[in-house]
Structure formats: structure tokens, C-alpha cells
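Dear colleague,

Please find the structure below, handed over for your use. My notes on it follow directly after.

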Amino acid sequence: MNPQKTAVSPWLYLFASLGTFLAAQSLVVVSHELTHSTMAWLLGAMKNPLAIVWGNPIMMTGWDEGVEYHLLFEHGQLLKAAVIGSCPLFMHALVITACFFAISTSKVRNRWIANALFWYAVANLMELVAYIFMRSFAAHGDVGIFNRGTGLSPWWFFLIASVLLSAALVMLFRTILPRILSLFALPCSPLHWGMLIATAFILFLWGSGLRVMAYVSGPQWLFGLLGIPAFFGFVWFFRPRPSSKLF
């Protein structure tokens with residue numbers, strides 16, 4: 001029997017996936033801030049790219065890239081501020097694309113590595129869901145800095161980025177998640193439901209909706225409520241069906 005198709009204990013898979021996601025989330029948080037600071041350093045806006053403000057990697061609080069955007073705006077360096085503020089979003093998009101390509105084309109033969117790439121992609125998508133769907137109209141934060149620096153209406157970023165992000169989410173649930181379940185030969189229908197619910201919860205509530213509602217000030221916190229219908233909508237639409245080959 002092909003060892004890559006040998007069934008794995010559901011409990012082993014769930015606990016391993018939980019640990020993998022927490023590690024992936026921490027890596028995403030650190031890489032997000034370091035992308036800001038490294039770009040600022042390359043553009044001469046920061047002396048030390050490692051001088052970020054370190055926070056809690058699990059709760060994703062207390063972090064800051066340490067870039068003094070107000071000085072950039074005061075000196076008319078608008079485009080520089082826009083590039084520094086938005087570069088992590090493009091980094092997340094590139095990482096997601098690479099992970100999807102590796103998993104969907106079977107470039108990665110080891111299923112545990114493929115599983116790690118899956119959760120790393122989910123952690124990166126989680127960031128984009130928060131910034132694009134819920135914080136595109138905020139006056140502060142990465143997108144707010146980009147909009148202010150470029151002078152563009154936030155509608156441009158929101159509409160274009162939302163289309164691309166929606167396509168990535170559909171691919172995740174329609175192609176990438178079934179691929180991971182197939183690699184592990186997981187036969188348990190409740191486990192399929194559990195993976196679907198856990199992935200949707202992470203994307204639309206844990207790393208975005210709940211965080212926006214809890215930490216974003218002003219009326220912008222209301223955008224976090226979008227995570228609730230998004231969670232239930234994706235779970236229902238991509239629910240396991242008897243006619244599916246996998247489910």
C-alpha cells in the first residue's frame with residue numbers, strides 16, 4: 001500500500017494540525033511585521049529592520065512594525081509610506097499562491113509537509129480576510145496607509161482585492177482542502193465537517209471577525225460582524241455531500 005494513502009488516526013491528525021496552525025500563525029505574524037520593517041529599511045525609512053515591537057504570537061496582540069509613518073507623510077513621502085504599509089499584503093498573496101501550487105500540483109510528496117503548507121496558507125489567508133474584507137475602509141492600518149499614500153479611493157482596493165481573495169477562498173475549500181483530506185485517507189465524515197468548520201472559523205472569526213470586533217476602535221469594528229455570515233455561508237456551501245467522491 002502506498003504509505004501516503006495509509007489512513008491516519010483522526011486524533012493524531014487533529015492534534016498535529018492544531019500545533020502546526022499555531023506555529024504557522026506565529027510565523028505569519030512575525031513575517032508580516034518584518035516585511036514592513038525590512039521594506040522600510042530598504043527604502044531608508046528605518047535604521048534597523050529588526051527593531052519591531054514584539055507581541056503575543058498566539059493572541060496576535062501587541063505587535064507593531066515600528067515604522068514612523070507620520071514622519072513619512074509630514075515629509076511628503078506618500079508613495080514610500082504606501083509601499084511600506086501594503087507590502088505584507090502582497091507577501092501574503094505570494095505565499096498563498098506558492099502553497100496552493102505546491103499542494104494542487106503534487107509538487108510536495110510528503111503529506112505532512114503538504115499539511116503544514118495548507119495551514120500556513122490558511123494563516124496567511126486569515127490576514128488577508130481581515131485586511132481586505134473588514135479593514136479596507138479604515139483610516140489606519142496597512143490598507144489605510146496604502147489608500148492615503150496613493151490617494152486612491154478605498155473602493156478600488158476593496159473591489160479588486162475582494163475578487164482575488166474570494167477566488168482564493170473558493171479554491172481553498174473546493175480544491176486544496178479535499179486534496180489534504182485525500183492525502184491522509186481520512187474516512188470519518190465528522191472529521192471532514194470538523195476540518196471544514198475549523199478552517200472557516202480560523203479564516204472568518206478567529207483571525208479576522210473576532211479580532212476586528214475586539215481591537216478595532218470606532219464604527220470600523222462593525223465590519224468584524226461580516227465574519228459571522230461568512231463563516232456559516234462557507235460551511236454550508238462547501239459542506240460534505242454524499243455525491244462527492246471524497247466525502
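Phe146 and Phe157 are both buried, where buried means under 20% relative accessible area, exposed over 50% and partly exposed in between, with a 1.4 Å probe and protein chains only. The model is a predicted one, in which local features need pLDDT of at least 70 and side-chain atom pairs count only at pLDDT 80 or more, whereas totals for chains, interfaces and linings use all residues. Residues are numbered from 1 along each chain as its sequence is written, and side-chain values use heavy atoms, with hydrogens and water left out.

Aromatic rings

The structure holds 15 aromatic pairs. Rings of Phe, Tyr and Trp (its six-membered ring) pair if their centres lie within 6.5 Å; planes under 30 degrees apart count as stacked, over 60 as edge-to-face and the rest as tilted. One of the pairs is formed by Tyr13 and Trp112, which is tilted, at 6.5 Å centre to centre and with 35° between the planes. This pair links distant parts of the chain, with Tyr13 in helix 1 and Trp112 in helix 4, 99 residues apart. Helices are DSSP runs of H or I of at least four residues, numbered from the N terminus. Tyr13 is buried, with a relative accessible area of 0%, and Trp112 is partly exposed, at 34%.

Why is the pair of Phe146 and Phe157 tilted? The ring centres of Phe146 and Phe157 are 5.6 Å apart and their planes stand at 55°, so the pair counts as tilted. It also links distant parts of the chain: Phe146 belongs to helix 5 and Phe157 to helix 6, eleven residues apart.

One aromatic cluster is formed by Phe173, Phe204, Phe234, Phe237 and Phe238.

Asn147

Asn147 lies in helix 5 (residues 141–150) and is buried, with a relative accessible area of 8%. Leaving aside residues up to four places away in sequence, Asn147 touches Ser136, Leu152, Ser153, Pro154 and Phe157 (contact means heavy atoms within 4.5 Å).

Pockets

A pocket is an open set of points on a 1 Å grid over the protein atoms alone, where a 1.4 Å probe fits, with protein on both sides within 12 Å along at least five of seven lines; lining residues have an atom within 4 Å of a point. Volume is the space filled by probe spheres set on the points, which are joined across faces, edges and corners.

The largest pocket holds about 580 Å³ of space. Its lining has 25 residues, of which Glu33, Trp63, Tyr131, Arg135 and Arg211 lie nearest the centre. Helix 1 supplies the largest share of this lining, four residues. The lining divides into eleven nonpolar, seven polar and seven charged residues, where Ala, Val, Leu, Ile, Met, Phe, Trp, Tyr, Cys and Pro count as nonpolar, Asp, Glu, Lys and Arg as charged, and the others, Gly among them, as polar.

The second largest pocket holds about 420 Å³. Of its 19 lining residues, Ala93, Leu128, Ile132, Ala161 and Leu164 lie nearest the centre. Helix 6 gives the most to this lining, with nine residues. By class, the lining of the second largest pocket has 18 nonpolar, one polar and no charged residues.

Yours sincerely

Key
Helix = DSSP H or I, 4+ residues; strand = E, 2+ residues; numbered from the N terminus.
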